[in-house]
Structures are given as C-alpha cells and as structure tokens.
Amino acid sequence: MSKPYALVVDDHPMVANGIAVFLSTRCGYKRVYVAASRQECNNYIAEKGHPQLLVLDFWLSDGTALHLIRELLQKDANIRLLVISGDENNQVQHKAQEAGAHGFVHKHDSPQTFHLAVTALQNGQRWFPASSEVACCASSLPRDQEFGLTQRQTEVLAMMLRGFSNKRIALALAVSEATIKEHITSILSKLGVTNRIEAITLLQGRRFTL
C-alpha cells in the first residue's frame, strides 16, 4: 500500500524544489516529489499512487493545468489541489477554482501565506484570496461581539484570515506595520490563541455578522 506524500508540479526547477523543501520542513510531509510536466505528474501517480496534496503551477510547459486538475479529481476526489501562479490576471484564480482546485496562492505571496494555505487544505478547507484587500474587507468583515473586537481589529482580522502579510495589511489600511503588529497581538489575545494558524482553526466554519 502506498504511503501518503505531496507532489509539486512546476516546470521551473528552482521554484519547484523550493516548494518541496518547504513542504518537507514546514508542513509535515515526509515524502515530497517534484514533476516538471503533466506527463511526469502522471508517471509519479502511476508509480506511487495519488498524493495527499498536489501543488501545481497554473501555467505548465504544455499549457494550463486546468485539464490536469479535472482529470485528477475524476480519478481521486480526495486529492487536495493547491494551484500557484505568478500571473496577475484575476481570471487565473477563478479558472482554477472553477476547475475544482481547493486553493490558490500567488507566487509573490509570503511563505507564511503559503503555509496558511497548505494548512487550510490539510484541514479540509479551501483557500482563495480576494482579488483586492480593500474589496475583501468591505464585502465581508468578520465582526463577532463575543470577542470584543474593534472595527479596525475586525478589518485586520479579515485580512489575516485571507493570509495577507503584515505589510500588505498596512498598505491596504494606510498605517504602519508596527501598528498592524499591535492590532494582531491584541486580536490574538482576545481570541485566546497564540498565532495565526490557531486563529484560523478557531474560526473555521464560524458565521460572522456585521
């Protein structure tokens, strides 16, 4: 019987190997393999069985990964698929989501964001960032009186749950990173957790109202 593993599909060797090392050292995968094409991906799966997590670049040397996503899910609906891309076109994320991917991360996002995305998928959740930090927070601010959050802390928390870095939150809210760090410290204290991952775990499935 094959053992669980993660598979990275990207035709840029340095990117693929960097992700593989991160999955091994930070995300708990004892076995991580790298494929440079759809064919190599299929070869690994034929030899080792289906991976628990598959991280794949949206743009591969032989076209987009959309067909591969649909193909893999037809064969095994339990595979968790995280799409990555350096393409700034918002349609890339939407097309990946429509094809059945469980998450999407931009290549320019921080390692922390990638870690949060992987953790979300490992916990059976999805991870799709909003196309705009401001739109994200304006459309759905998590506000729950039991935590005693202020309006600004609510905005910061909304962006935290989307995986935005302190720098991106500061830019979106036009304040300093030091201010954001202070807000986050207060938020984590009010939630009764010690880090972002614990906050995400605590808030999974919760319905917030304005």
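Predicted model: local features only at pLDDT ≥ 70, side-chain atom pairs only at ≥ 80, totals over all residues.
1. Overall make-up. The protein contains ten helices and seven strands. Of its 210 residues, 48% are buried. Taking contacts between residues at least 6 apart in sequence, 64% join residues at least 24 apart.

2. Largest nonpolar core. This core has 25 residues, and the members that touch the most others are Leu 7, Val 9, Cys 41, Leu 54, Leu 56 and Val 83. Two or more residues each come from strand 1 (6-9), strand 2 (32-35), helix 2 (38-48), strand 3 (53-57), helix 3 (66-75), strand 6 (80-85) and helix 4 (90-99). Helix 3 gives the largest share, four residues. As background, nonpolar side chains in soluble globular proteins tend to be buried together.

3. Val 83 and the second core. Beyond its neighbours within four places in sequence, Val 83 contacts Leu 56, Phe 58, Ile 69, Ala 96, Ala 101, Gly 103, Phe 104 and Val 105. There is also a second, separate core, with 22 residues, including Val 8, Ala 20, Phe 114 and Ile 200.

4. Helix 1, length and buried side. Helix 1 covers residues 13-26; its 14 residues should span 20 Å at 1.5 Å a residue, and the C-alpha atoms at its ends lie 19 Å apart, in agreement with that. Its buried residues include Ala 16, Ile 19, Ala 20, Phe 22 and Leu 23. These lie on the same side of helix 1, because the arc they cover around the axis is only 160 degrees. The buried residues pack against strand 1, strand 2, strand 3, strand 6 and helix 5 (111-122).

5. Pro 13, Met 14, Val 21 and Thr 25 are exposed on the face turned away from the buried side of helix 1. Arg 26 also belongs to helix 1. Its relative accessibility is 45%, so Arg 26 counts as partly exposed; the limits for that class are 20% and 50%. Arg 26 and His 115 are separated by 89 residues in sequence, but their C-alpha atoms are 7.6 Å apart. After helix 1 comes Gly 28, with a positive phi near 85 degrees.

6. Lys 30. This residue sits in the loop between helix 1 and strand 2. Lys 30 has a relative accessible area of 84% and is therefore exposed, the cut-off being over 50%.

7. Helix 4. Val 92, Gln 93, Ala 96 and Ala 99 are buried in helix 4. Their arc around the axis is only 130 degrees, so they are on the same side of helix 4. The partners of the buried residues are strand 4 (59-60), helix 3, strand 6 and strand 7 (103-106). Gly 100 follows helix 4 and has a positive phi, near 120 degrees.

8. Helix 9. This helix has 15 residues and reaches 21 Å from first to last C-alpha, close to the 21 Å expected at 1.5 Å a residue. Ile 180, His 183, Ile 184, Ile 187, Leu 188 and Leu 191 are its buried residues. They line one face of helix 9, because they fall within an arc of 130 degrees seen down the axis. Glu 182, Thr 185 and Ser 189 are exposed on the other side. The buried residues pack against helix 7 (151-161), helix 8 and helix 10 (196-203). Gly 192 follows helix 9, with a positive phi near 80 degrees.

9. Helix 8 against helix 9. The axes of helix 8 (residues 166-173) and helix 9 (residues 177-191) are 9 Å apart, at an angle of about 110 degrees. The two helices are therefore roughly perpendicular, a class that runs from 65 to 115 degrees. Helix 8 contributes Asn 166, Lys 167, Ile 169, Ala 170 and Leu 173 to the contact, and helix 9 contributes Glu 177, Ile 180, Lys 181 and Ile 184.

10. Asn 166. This residue of helix 8 has a relative accessible area of 19% and so counts as buried; the cut-off is under 20%. Setting aside residues up to four places away in sequence, Asn 166 touches Glu 177, Ile 180, Lys 181, Ile 184 and Arg 196.

Definitions and conventions. Residues numbered from 1 in each chain as written. Heavy atoms only, no water. Core = buried A, V, L, I, M, F, W, Y, C linked by side-chain atoms within 4.5 Å. Buried < 20%, exposed > 50% of the residue type's maximum accessible area, 1.4 Å probe, protein only. Contact = heavy atoms within 4.5 Å. Expected span 1.5 Å × (residues − 1). Arc of directions from axis to C-beta. Axes fitted to C-alpha atoms, helices over the stretch in contact; angles between N-to-C directions. Parallel < 35°, antiparallel > 145°, perpendicular 65-115°, else oblique.
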